[in-house]
Amino acid sequence: MAFAMVGAEVILTDTADVLDKLRINCNNNLSPAAVRLAKAGHRGHGSWADFFGSIQVNELDWTRAEEHIAKLEFQPPVDFVLAADCIYREDLTEAFYDTVRRLTNEKSTVVVCNEFRSKTVHDRFMELFKATHNVKLMTKNKMDPEFWHPNIHIYVMKRKKNKQGDADSGGEEENDEEEKTAEEGTAKAPEKKEKTKEKNKEKGGKEGNETNQIQM
């Protein structure tokens, strides 16, 4: 929601059973009425509402990703995917990976925040993403000391490129040292779209720069 307040087009996603709660949370904070009131209350002085982008709530079940992504208002590839606490079951990890792949391309940035629960689940997550992405583990000095915890890992990932500039073709890894750090951080600790995109006519979007986000 914070990204919408600075101009992003945001889609918040979850499974159908919790969508109503997600919509209530969204409406309690950023309903159209709240945006109008913020604009009116700061008229002439400027406020976040003057830069407000858009926000919506959509179903996204990773096991039905193709079906649900096709119904989103704006289509992939997106610039940013933010995923919080999504890696917790091994049987869903591959579906999550496939969903991220469908939403992104080599220009996209994927930010995943995990709580370490299971070495097996975490290892599968790393195996999948390191095969196609450069994976950086956010270091402790870049995190808020009040909320930092050794079992909470934040990863920033981008698809690898080969020598011809194509993604996911077995290209050379760019951040070996950072990927090594990601593995070491795991060993020491016991495991929805912000999008800045120039939409062109071929993709059927608006011309100009826009910022969008899918948050899982």
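What follows is a friendly chat about a predicted protein model.

Reader: Hi! Before we start, what kind of model is this, and how are the residues numbered?

Author: This is a predicted model, where local features need pLDDT of at least 70, side-chain atom pairs count only at pLDDT 80 or more, and totals for chains, interfaces and linings use all residues. Residues are numbered from 1 along each chain as its sequence is written, and side-chain values use heavy atoms, with hydrogens and water left out.

Reader: Great. How many helices and strands are there?

Author: The protein has six helices and eight strands. Both are DSSP runs numbered from the N terminus: helices are H or I with at least four residues, strands are E with at least two. Along the sequence the pattern reads β-α-α-β-α-β-α-β-α-β-β-α-β-β.

Reader: And what share of the residues is buried?

Author: Of the 216 residues, 43% are buried. Buried means under 20% relative accessible area, exposed means over 50%, and partly exposed is in between (1.4 Å probe, protein chains only). The accessible surface comes to about 12200 Å², and 48% of that belongs to carbon and sulfur atoms. Those areas come from the Shrake-Rupley method with a 1.4 Å probe; for residues, only the protein chains shown count as cover.

Reader: Let's talk strands. Which strand does β4 pair with?

Author: Strand β4 (residues 109–115) pairs with β6 (residues 152–159) in the antiparallel sense, over six bridges. Two strands count as paired if DSSP finds at least two bridges between them. Strand β5 (residues 133–137) also pairs with β6 in the antiparallel sense, over five bridges.

Reader: Which residues stand opposite Y155, then?

Author: V112 stands opposite Y155 in β6, and L137 stands opposite Y155 as well.

Reader: Nice. Switching to charges, how many salt bridges are there?

Author: The structure holds ten. A salt bridge here is a side-chain nitrogen of Lys or Arg within 4 Å of a carboxyl oxygen of Asp or Glu. One of them joins R23 and D20, with the closest N and O atoms 3.7 Å apart. Both residues lie in helix α1 (residues 19–30), three residues apart, about one turn of the helix.

Reader: Is that D20 buried or exposed?

Author: D20 counts as exposed because its relative accessibility is 55%, while R23, at 35%, counts as partly exposed.

Reader: Which lysines form the positive patch?

Author: K107, K136, K142, K158 and K161 form it. Patch residues have over 30% relative accessible area and no salt bridge; like charges are joined within 9 Å, and nonpolar side chains (Val, Leu, Ile, Met, Phe, Trp, Tyr) within 5 Å. K107 sits in the loop between α4 (90–103) and β4, and K107 is exposed, with a relative accessible area of 63%.

Reader: Last topic, the backbone. Where is the cis peptide bond?

Author: The bond from P76 to P77 is cis, with omega near 5°. P77 is in the loop between α3 (65–69) and β3 (80–84).

Reader: And what is phi of D85?

Author: Phi of D85 is near 55°, a positive value in a residue other than glycine. D85 lies in the loop between β3 and α4. Most residues other than glycine have a negative phi, and most peptide bonds are trans.

Technical notes: Lys and Arg count as positive and Asp and Glu as negative; His and the chain ends are not counted. The place of a charge is taken as NZ of Lys, CZ of Arg, CG of Asp or CD of Glu.
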